[in-house]
Amino acid sequence: MAFVQFSQVSLAFGDRDILKNVTINLQTGSKVALTGANGAGKSTLIKVLAGLVPPDSGNRAVQKGSRIAYLPQSGLTHHGCTLREEADKAFEFGYEMQRRIDEIGEQLEKGEGNTDALVIQQSELIQALEDSGWHRRDAMAESVLLGLGFSRADFERNTEEFSGGWQMRIALAKALMQGPDILLLDEPTNYLDIEARSWLEQFLQNFRGGFLLVSHDRYFLDVTINEVYELFNGDLKRYPGNFSHYEKVREVELKTLIAAYEQQQEEINKLEDFIRRFGYKATKAAQAQEYQKKLEKMERIEIPESLKKIHFSFPPAPHSGRLVMRLNNICKTYDGSFNVLNNLELTLENGERLVVAGRNGAGKSTLLRIIAGQDSAFTGEMLPGAGVQIGYFSQDNAETIRGKETILDYLEARAPLELIPKLRDMLGAFLFRGDDVYKSLDVLSGGEKSRIALLQLLLSPVNLLVLDEPTNHLDIHSKDVLLSALRDFGGTVIFVSHDRGFIEQLATRVLELKPGQFKNYPGNYEFYMEQVEKLENQGGGGSLLLASVGKPSSAPPSPKGDTPLKSPAESSEGASVSVHTQLTWEEQKALDAAKRKLEKEVARLEAKITELEEKKSALENKMADPAVYSNGEKAKAVQREIEALAAEIDETTAVWEEAAEKLG
C-alpha cells in the first residue's frame, strides 16, 4: 500500500512556528481535507508533504515506488507545444518505465546480468505499467481534458494561447492524468466553473489512490472527503467525517473558548472605542494611555476564523416597486452571426435571488453587464422598474482601485456613518485582519482588490445587486458572512457563482443559459438540478410547464444538440407540452412542507407515548408500595389511573401508526 507519512515534523519561519510536532499519514484510500485560517500554513504543509520544502525536524517517509502528484494554488504556465502534447507529458513516468522494460529486454537478449533478477524486475515493471493505465493514455487524456471544460478544438491549440485560469486547468489535468498513488491539491477549484467542479467531484469519488486537498468550497469538500485535518497555531488535529460534520464537532469542542473569545472581543472593542474617542482630550489622555497599555499587554485568545461569528447588514435598500426589471427580446452577438443571447425574456421581481446558470461562454457575464448598464451594444428592450438603484460587482471592478490611501481610509470615506464602527469587523470577514487594514491600495494583489471592490459595493445603498462571481477570492468563513448578509438584504439579487453550496443557500430562482437559448426555473437550485437530471434521464426529451424558454436561433444548435423547448404560449405552433411529466416547484414545496409536518407529528406522538409509558410504569411501581396496596381506596385510585393511561397509550399508538404509515 502506497503512503507518505510525517512523524513529529516541525517547521518555523523566523520566530513563528508553522508546524509543531505534526504527524499525518496519507495512504491509498485516504480522502482528506486540510483546513485552517488564511496564513495558517496549509500550502507550506502540502509542500513539505510533496517533498518540496524540508522540515526543520522530524521524519518524512514515503513508500518505495509511490508516485506523488502536487498541484500548487497558482503560478504554473505552459508554452512551446500544443495542449495535446502538454497533456502527454503527464505520462512521462510510463515512457520511463517502458524505456527501462526495453533496456532489460536488451540485457536479457545479450545475456548480461542476473537473468532471474532481471526477469522479475521486468515483470514487475510491465505489471505496474499496465496497472497505471498508461496504455490507455490517449483516452484518459481526452476524458480528463473534456471533463475540465476543454473542447476537442482546444487540443491542437498552443498552450501559450490559454489564459491564466486555463493554464491552471492544464496543470490540474496533468496531475490527475498521472494516476498517482498520492494526490496533493492546493485549492484545485479556484479556476473551475460549476460543471468542471462537478466532474472533479466524481473523479475524486472514484479515485483509487489517496488524496489531500485544500478548498474553500464546502459542498465540494462534503461530497469528496471523509476526514479533515485542521492546522491551527502550528498544531494539526484529525477529525473523521465530512467538512460540515467537522465544523459542528469543532464548534461544540470550542464552546468555552468561543465564549471567552467573545467576552474578550467585547472588552477590546470598549477599550479601543474609548481610546479613539478620548485619546486626544487632555482630561482623558492619561486614562486612554492606560487603556492602550492594557490592550498591548493583553494575551489575545485565538480561535479558528471559521468559528468567529461576524455579521453585518447592508444599508437599508431604497424602496422600489414590485417590478424591478423587465427584459424583452434581448439579443447580443460578438461576431455578427451567432447570438449569444437570443430573444431572451426575463421579468425580475422585488426580493428575488436569481442565479444565472450555464457553461462558460453561454452569456452569463454578458447578461449581467447588460442588466447593470455596462453593455449597451444589444438589441431588444431593457425596462427598469420605478426607483431601481443598481449595484454591480465583477472582477473588473478591482482595476479601478488604486492610490496611496490605506484600505481603512478608502472604505471609511465611502461607508455610511452607521457602518464605520463595523468596518474593522467587515474587513476581517473579508480576510483583512490586524495591520492588513493599513496596506496601501497600490500594493494590493488582484484578489485583495477584488475583495475591497465587493465590500465597497456592499456598503452602498442600492436595491438591485448584480454580482458576477462574488465568492472568488473568499474563504469558507467569508462566504458564510457574505451569504448571511445577502439573505438578509432587503432588495433583489441577480448573480453568477461557481460555488454550489453558496447557490443552494441563496437562489430562489434559476435562469439557465445555453448558447442562443434560455430556460427559466422557478424554485431553488436543488429543485433545478432535480429537473435537469430528470430531463437527462429521459434522454433530453420531455417538456417542463414551469420552464419559459428561448425562441430557436437561426444559428447552429448548441454543442449538445439541445432543441429549445417551447413555452405553453407557443404550444399552438405544434409543440407538445406535458403538464404531468414534472411537479412544479410550488407543488414540490407543498409536498415537502406536508412531509415535514407529518414528521413532526410522528415525533410528537412518539414522545407522548414514551411519556405516558413512563407515567404508567411509575404508577405500577407505586402499587408495590405497602402503603398503597394495603389501603383499598388508594389501590383502587391508582389502578384507575393505570387503566386510564393504558387506554390513552392504546389510542395514541393507533394515531401514531396511522401517521407513520402515511409517512412511509
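Which side chains meet in a salt bridge with an N to O distance of 3.2 Å? The side chains are those of E86 and K89, in a structure that holds 31 salt bridges, where a salt bridge is a side-chain nitrogen of Lys or Arg within 4 Å of a carboxyl oxygen of Asp or Glu. The model is a predicted one, in which local features need pLDDT of at least 70 and side-chain atom pairs count only at pLDDT 80 or more, whereas totals for chains, interfaces and linings use all residues. Residues are numbered from 1 along each chain as its sequence is written, and side-chain values use heavy atoms, with hydrogens and water left out.

**Salt bridges**

- E230 forms a salt bridge with R250, and the closest N and O atoms of the two are 2.8 Å apart.
- This pair links distant parts of the chain, since E230 belongs to strand 8 (residues 227-232) and R250 to helix 9 (residues 243-253), 20 residues apart; helices (H or I, at least four residues) and strands (E, at least two) are DSSP runs, numbered from the N terminus.
- Both partners are buried, E230 with a relative accessible area of 3% and R250 at 8% relative accessibility.
- K479 and D499 also meet through their side chains in a salt bridge, at 2.6 Å from N to O.
- Because K479 lies in helix 16 (residues 476-488) and D499 in the loop between strand 16 and helix 17 (500-506), this pair ties together parts that are 20 residues apart in sequence.
- K479 counts as buried at 9% relative accessibility, and D499 is buried as well, with a relative accessible area of 4%.
- One network, made by salt bridges that share partners, joins E230, K237, R250 and E253.

**Negative patch on the surface**

- E526, E530, E533, E536 and D592 gather on the surface in a patch of negative charge.
- Patches are made of residues with over 30% relative accessible area and no salt bridge, with like charges joined within 9 Å and nonpolar side chains (Val, Leu, Ile, Met, Phe, Trp, Tyr) within 5 Å.
- For these charges, Lys and Arg count as positive and Asp and Glu as negative, while His and the chain ends are not counted; the place of a charge is taken as NZ of Lys, CZ of Arg, CG of Asp or CD of Glu.
- Accessible areas come from the Shrake-Rupley method with a 1.4 Å probe, and for residues only the protein chains shown count as cover.
- Helix 18 (residues 525-537) gives the most to the negative patch, with four residues.
- E533 lies in helix 18, and its relative accessibility of 48% makes it partly exposed.

**Buried elements and contacts**

- Helix 12 (residues 364-371) is largely enclosed by the rest of the structure, because six of its eight residues are buried.
- The buried residues of helix 12 are K364, T366, L367, L368, I370 and I371.
- After helix 12 comes G373, whose phi is positive, near 80°.
- T492, found in strand 16 (residues 492-496), is buried with a relative accessible area of 0%.
- The side chain of T492 reaches the backbone nitrogen of G351 at 2.9 Å.

**Loop residues**

- E187, in the loop between strand 6 (182-186) and helix 7 (194-206), has a phi near 55°, a positive value in a residue other than glycine, and is buried at 9% relative accessibility.
- N233, in the loop between strand 8 and strand 9 (235-240), also has a positive phi, near 55°, and is a residue other than glycine; N233 is partly exposed, with a relative accessible area of 45%.
- S460 lies in the loop between helix 15 (446-458) and strand 15 (464-468) and counts as partly exposed at 27% relative accessibility.
- From C-alpha to C-alpha, S460 and A415 are 7.3 Å apart in space, although 45 residues apart in sequence.

Key:
Buried means under 20% relative accessible area, exposed over 50%, partly exposed in between (1.4 Å probe, protein chains only). A polar contact is a pair of N or O atoms within 3.5 Å; within protein, one must be able to donate a hydrogen and the other to accept it, and residues adjacent in sequence count only if both atoms are side-chain atoms.
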